[in-house]
Amino acid sequence: MKTALITGITGQDGSFLAELLLEKGYDVHGTIRRSSVDYRERIAHLEGHPKFHLHYADLGDSMSIIQVLNKVKPDEVYNLAAQSHVQVSFDSPEFTADVDATGVLRLLEGIRQCGLAETCRFYQASTSELYGKVEEVPQNEKTPFHPYSPYAVAKLYGFWIVKEYREAYNMFACSGILFNHESERRGETFVTRKITLAAARIAQGKQKKLLLGNLSSLRDWGYAKDYVECMWLILQQPKPEDFVIATGEQHSVREFCLYAFRRAGIELEFVGEDENEKGIDKATGKVVIEVSPDFYRPTDVVNLWGDPTKAKEKLGWDPTKKTSFEQLVNLMVDADMAKVAVERASEAVRTNLAEYLEKGIVK
Ligand code: NAP
Ligand code: F7E
């Protein structure tokens, strides 16, 4: 039976990976950070499982990392912790560098200093953002990197330090260069989830408009639950290597909106250009999507499209047999339609209760 340590277990990917490893019989340990509000929603269902354990640690704090490594002595470390929002990295570039770049070094060096370098396999959550201002389309493991945000530059350091520790110390350390992957658990400020939640709210009369940035940006979007399987597969290979994980299909933000609103029952039509472009509900003629320059980035990555051939050949992972783009949009919209319906129902109960209390119908 193996022991895994997942940093970033409270995040979208961390929660899916924890489920996968528990299913495989692993002892799963995760690192969490102290917070004044509850942020464990994605892993709440796993707490109490006999093989699920949480420890406080922060990628900015070497001592906490060493402590957890010494205690757990993992066979596999999955480093998923990061300040993962590209737009936020322009506002907090130093914090992003500390966690997403130096944090990777702290973990690798911690593994060495705890005497685990020969036994512990290491997975680094790398990213298609490394291709940034792309130099070829589609992108594969040989495509040159051109990072185009403080986030991507930090992740580039992470990628190279993993390679360095692999070559200098013969460690089994690998990077998965994952293209965007989404789910019903995606953070609400990433564009896909922002759209599916807004489509659900607009369809149920809880929101009037959705403000977005660059509608023409192109992404290769997959389903997070399918992608965590690759993280595990990468660490089960005979030798340590880096892999691109992607669907091999590309769609624009505008297209994502069309599919999402359709699933929520609203047929959209886009009119106008650039900042004046609008998404109109064809049935009512109302404007439901507008462009706001507030969501433009100082430098934006606009043409990501992955080539997953190596993953298909070596990992046996075939994206055409996994969740399709339309299935992904549908499952996200369905989850948000249900979430908004529950919120509306509990609001109605609260309103009725307040009225009954006021009228003395209930005491
Ligand atoms: P996410 O939902 O934002 O989760 C990030 C996780 O990192 C959270 O658990 C967060 O903890 C933790 N974290 C942040 N700062 C930390 C720190 N200083 N010390 C320890 N933990 C910290 O991200 P995700 O979408 O699951 O992505 C997982 C990883 O894959 C990230 O490294 C991301 O950069 C990378 N990646 C993601 C994608 C994608 O499309 N999702 C694609 C390529 C690469 P809190 O809950 O306490 O904030
Ligand atoms: O933006 C455009 C935006 O924030 C996608 C992270 O998981 O994937 C993610 O980074 C595109 C960009 O994801 C809005 O300009 C338009 O071109 O959903 P996003 P991201 O930046 O691709 C990579 C692979 C990671 O590694 C990261 O950790 O959508 N866009 N309008 C918008 N984006 C946002 N967030 N909000 C908008 O209103």
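Let me begin with ligand 2, one of whose oxygen atoms is 2.8 Å from a polar backbone atom of valine 191; this is a polar contact, a pair of N or O atoms within 3.5 Å. The model is predicted, so local features require a pLDDT of at least 70 and side-chain atom pairs a pLDDT of 80 or more, while totals for chains, interfaces and linings use all residues. Residues are numbered from 1 along each chain as its sequence is written, chains are lettered from A and ligands numbered from 1 in the order in which they are written, and side-chain values use heavy atoms, with hydrogens and water left out.

To continue with ligand 2: a polar side-chain atom of aspartate 300 lies 2.9 Å from an oxygen atom of this ligand, and a polar backbone atom of valine 301 is 3.5 Å from an oxygen atom of ligand 2. Taken alone, ligand 2 exposes 700 Å², of which the protein buries 96%; accessible areas come from the Shrake-Rupley method with a 1.4 Å probe, and for residues only the protein chains shown count as cover. The ligand is surrounded by 23 residues, each with a heavy atom within 4 Å of it. The closest are Ser84, Thr127, Tyr151, Ser217 and Arg297. By class, this shell has 8 nonpolar, 9 polar and 6 charged residues. Here Ala, Val, Leu, Ile, Met, Phe, Trp, Tyr, Cys and Pro count as nonpolar, Asp, Glu, Lys and Arg as charged, and the others, Gly among them, as polar.

I turn to ligand 1. Of the 24 residues around ligand 1, Thr10, Arg33, Asp58, Ser84 and Tyr151 come nearest. An N or O atom in the side chain of threonine 10 is 2.6 Å from an oxygen atom of ligand 1, and a polar side-chain atom of lysine 155 lies 2.9 Å from an oxygen atom of the ligand. On its own ligand 1 has 910 Å² of accessible area, and the protein covers 88% of that. The elements that give two or more residues to its shell are α1 (12-23), β5 (121-127) and α5 (150-169); helices (H or I, at least four residues) and strands (E, at least two) are DSSP runs, numbered from the N terminus. The largest share, 3 residues, comes from β5.

Next, the salt bridges. How many salt bridges does the count come to? The count comes to 23, a salt bridge being a side-chain nitrogen of Lys or Arg within 4 Å of a carboxyl oxygen of Asp or Glu. Glutamate 188 and lysine 339 form one, with the closest N and O atoms 3.9 Å apart. This pair links distant parts of the chain, 151 residues apart: glutamate 188 is in the loop between β7 (181-182) and α6 (191-203), and lysine 339 is in helix α10 (residues 325-359). Arginine 193 and aspartate 336 also meet in a salt bridge, at 2.7 Å from N to O. Because arginine 193 lies in helix α6 and aspartate 336 in helix α10, the pair ties together parts that are 143 residues apart in sequence. Both residues are buried, that is, under 20% relative accessible area, with exposed meaning over 50% and partly exposed in between (1.4 Å probe, protein chains only). Lysine 339, by contrast, is partly exposed at 30%. Lysine 339 also forms a salt bridge with glutamate 343, at 3.4 Å.

Finally, the cysteines. A search of the whole structure finds 0 disulfides, a disulfide being a pair of cysteine sulfur atoms within 2.5 Å. The sulfur of cysteine 174 is 11 Å from the closest cysteine sulfur, in cysteine 120, and therefore too far for a bond.

Technical notes
Polar contact = N/O pair within 3.5 Å; in protein donor to acceptor, adjacent residues only side chain to side chain.
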